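Subject: Structure handover

Hello,

Here is the structure I said I would pass on. Please keep it open beside this message while you read.

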Amino acid sequence: MPAMIELTDACKTFTMHLQGGIRLPVVRGVSLAVMPGECVVLSGPSGAGKSSVLKMIFGNYRCDEGRIFIHHQDATIDLARAEPRQILSVRRHTIGYVSQFLRAVPRVPAIDVVAEPLFVAGAAREEGRSRAGSLLRRLNIPERLWSLPPSTFSGGEQQRVNIARGFLPDLPILLLDEPTASLDAANRAVVVDLITEKKRAGVAMLAIVHDDEVREAIADRIVDVTAFAAAA
Amino acid sequence: MAEQMMHDGAAPLMIAEGLGKTYGRLVACRDISFNLYSGEVLAIVGESGSGKSTLLQMLSAQLTPSAGRVSYRMRDGVTRDLASLGEAERRFLFRTDWGYVHQDPAMGLRMAVSAGANVGERLMAVGWNHYGRIRDTATSWLERVEIDTSRIDDAPRTYSGGMRQRLQIARNLVTEPRLVFMDEPTGGLDVSVQARLLDLMRSLVSELGLAAIVVTHDLAVARLLSHRIMVMKGGQVIEAGLTDQVLDDPHEGYTQLLVSSVLPG
Amino acid sequence: MTAPVYNFAYLDEQTKRMIRRAILKAIAIPGYQVPFASREMPMPYGWGTGGVQVTAAILGPTDTLKVIDQGSDDTTNAISIRKFFAKTAGVSTTTSTADATVIQTRHRIPEAALSEGQVLVYQVPIPEPLRFLEPRETETRRMHALSEYGLMHVKLYEDIARFGHIATSYAYPVKVNGRYVMDPSPTPKFDNPKMDNCAALQLFGAGREKRIYAIPPYTTVVSLDFEDHPFARYRHEAPCALCGADDSYLDEIVTDDRGGRMFVCSDTDYCETRQASGHRGSERAAPHKKDHAHG
């Protein structure tokens, strides 16, 4: 069985032109693989580059050296060298990303924010909304909020809308950046359940989790990012 | 496999190759190349004088390039060099398969003619000859751009700036173009009006599967609307790529300056 | 006392040749506006200087000229143009449509059917039908060249949106020979069907705007419209008060200051010809029995 994600010697450095061109190495020599149905958790202190690794895999940060192989539509694609439209296709069909913050579009109701990835993939309005609704209900977002834009919600509610949006589509890869950061115990448990279900469905996941309990519950393997810390 | 090719490997909608424009010794644009695919939104950003408007004019066949060429895949599937089109063909393209949203709605609308006729004009231009059907179509487009349909017989000079801009969009989209050019579409509007317009454009573009080329100096507009971005400076593209990639991980000094000049949103 | 000596029909021969060339070109391209070097005429713009130049260029010594203004032979404008050519060309003049070889008109087409060999010369104030929606002349010319006439329907659309029907009642746009859209000058749309397949040659002269255009005999002229709002002639729902005609274009004449009015043929020659052959309308058949004086 091929790995869903496979990084070999991936390297990332920021060059800050506005500060006289100083180079800020972020990570170097990142090599790791995630198999279908596996949840790998990245560990390490803040600033070690965990989020940067996720962003490189999502194509949000460019990769300076090395390879980022993604299993995409029955083929392997190197995201470090892919065209923008290939990356977009990967995001549409293969990789989901749950960030810490919801980048809410003004005026769009929560239910449509959640269902949007389904709409983009061609789902009908009603079907998309009904699936989005049942996930929001599971995450304890009261139905009266569904038709409101999430920009008016509390931090925890926004986070759960964001989780629903990330977990709703059936994508084979999920990147999770502290999905439980501002959740209470009940909702954390829901997220753990969701992750377990995704695993059972064969989804490959790479996660950053600070909560020990959650990490314990979901991690099949832990990769310490300090090993990739770029010597300054 | 063939089907896969048809789907993902379809030919680009527009191809720019080595585009350049000089005015005597002044270089307005130099060596610009890219492919644009169906359904893709490309933002061209840069400050005034960076050549982005010149580029937009060349891409929309309003200005003849000094070097290079622009090709477009017509509705019949044949990709043609824009310079090889006759004037009649070019104007027909402009009225049917292309849209052009001007920064100043007065440039893109007939200000003294009713909103309904503004929307209906492109239909009449392609031979629609049934008043009732033209009016029904205009009405449904006003609804889509959130203009109260009771204003259908009012001239846009009685409209607010935001309404005018939405009317301009309806007028352009009524013939179901495949490519829309937008020149600073939110320029000169209040921030709250901008947000509504951006949201509307974003949903229309994705519902209709439109390709769009948006010239803007506003990075927030680029981030919200576009898939890809090209950063221009001194007539050249200095950085290009996925919009979130270029804005979150800018490599060029100038792009970093642009990004860092934006107030946090 | 010696009267001033004019060249035949006032204009010099070179000018007439120039105008004839423009006319020939206009006939060759039906409905197309041909530019010409319009001359100063001894009358103000708006009085028919374009029509007069066309008439001057085509008139021969054996022609018989009729001039009408709003259908009438005896208004100031019609009389002065008729006298102008009687004096400068010595041609015979008439008020009879059937007897005329050249008819210069402002705003009407005679009711009597025109025949082969006759020429109808229109005085045109604004030749460009697209002008009111597109003021740029460069753009309207390009639109004509490329047959981009969607804008013409915008005008008709506006009419229906505002009034519920196509309210344009004069200068109603037509398409000539399936190609050029043309402004038929400010004739009422009642007359539009007479332009279609007409046996006579129709020439249009716009003096101030320096344009000549033409409809050759037996040319298709179609009034623009919508499928669900087809072109319709309009006339007042009444017979002529003088001759009883129920198929002619009528003028409304206010007879007193209490709302009294009557309708009479706008074409005076047509009306008089009918009366001479015994037709009578209400005014003639039963003279007024009102409690106030009039007349």
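This is a predicted model: local features need pLDDT of at least 70, side-chain atom pairs count only at pLDDT 80 or more; totals for chains, interfaces and linings use all residues.

**Chain A against chain B**

Chain A puts 24 residues into this contact, and chain B puts in 29 residues. Together the two chains bury about 2300 Å², with 46% of that area on carbon and sulfur atoms. Three arginines stand out on the chain A side: Arg62(A), Arg85(A) and Arg107(A) provide 30% of what chain A buries against chain B, more than any other three residues.

There are four salt bridges between chain A and chain B. In one salt bridge between side chains, Glu116(A) meets Arg202(B), at 3.3 Å from N to O. Polar contacts between chain A and chain B come to 11 residue pairs, counting those with both residues at pLDDT 80 or more.

If you want to find the chain A side by element, look at β1 (5-16) and α2 (84-93), each of which supplies at least two residues that touch chain B. The most comes from α2(A), with six residues. Sorted by class, the side of chain A that touches chain B has 10 nonpolar, six polar and eight charged residues.

**Chain B against chain C**

Here 22 residues of chain B touch 20 residues of chain C. The buried area between chain B and chain C is about 1800 Å², and carbon and sulfur atoms account for 55% of it. On the chain B side, Arg91(B), Asn129(B) and Tyr131(B) give 38% of the area buried against chain C, more than any other three residues.

Six salt bridges are found across the interface of chain B and chain C.

Three helices of chain B give two or more residues each to the side that touches chain C: α3 (87-95), α5 (115-125) and α6 (131-144). The residues on that side of chain B divide into nine nonpolar, five polar and eight charged.

**Aromatic pairs**

Over all chains, the structure has 17 aromatic pairs. Tyr10(C) and Phe84(C) make a tilted pair, with 5.4 Å from centre to centre and 55° between the planes. These two residues are 74 residues apart and belong to distant parts of the chain: Tyr10(C) is in the segment before α1 (13-28), and Phe84(C) is in helix α3 (residues 76-88) of chain C. Tyr10(C) has a relative accessible area of 26%, so it is partly exposed. Phe84(C) is at 13%, so it counts as buried.

Tyr172(C) and Phe231(C) form another pair; their planes are at 75° and their ring centres 5.0 Å apart, so this pair is edge-to-face. It too links distant parts of the chain, 59 residues apart: Tyr172(C) is in the loop between α5 (150-163) and β6 (174-176), and Phe231(C) is in the loop between β10 (221-223) and β11 (250-254) of chain C. Both Tyr172(C) and Phe231(C) are buried.

In chain B, ring pairs join Tyr72(B), Phe94(B), Trp98(B), Tyr100(B) and Phe181(B) into a cluster.

**Inside chain A**

Where does Thr94(A) lie? It is in the loop between α2 and β6 (95-98) of chain A. Thr94(A) has a relative accessibility of 1%, so it counts as buried. Its side chain makes a polar contact of 2.5 Å with the side chain of His72(A). Neighbours within four places in sequence aside, the residues that Thr94(A) contacts include Ile70(A), Ser89(A) and Leu171(A).

The other place is helix α3 (residues 110-120) of chain A, which is largely enclosed by the rest of the structure because eight of its 11 residues are buried. Among them are Ile111(A), Val114(A), Leu118(A) and Phe119(A). The cover over the buried residues of α3(A) includes α4 (125-138) and α5 (155-167) of chain A. Just after α3(A) comes Gly122(A), with a positive phi of about 100°.

Regards

Note on methods:
Residues are numbered from 1 along each chain as its sequence is written. Chains are lettered from A and ligands numbered from 1 in the order in which they are written. Side-chain values use heavy atoms; hydrogens and water are left out. Contact means heavy atoms within 4.5 Å. Buried area is the accessible area (1.4 Å probe) that two parts lose on being put together, summed over both. A polar contact is a pair of N or O atoms within 3.5 Å; within protein, one must be able to donate a hydrogen and the other to accept it, and residues adjacent in sequence count only if both atoms are side-chain atoms. Helices (H or I, at least four residues) and strands (E, at least two) are DSSP runs, numbered from the N terminus. Ala, Val, Leu, Ile, Met, Phe, Trp, Tyr, Cys and Pro count as nonpolar, Asp, Glu, Lys and Arg as charged, and the others, Gly among them, as polar. Rings of Phe, Tyr and Trp (its six-membered ring) pair if their centres lie within 6.5 Å; planes under 30 degrees apart count as stacked, over 60 as edge-to-face and the rest as tilted. Buried means under 20% relative accessible area, exposed over 50%, partly exposed in between (1.4 Å probe, protein chains only).
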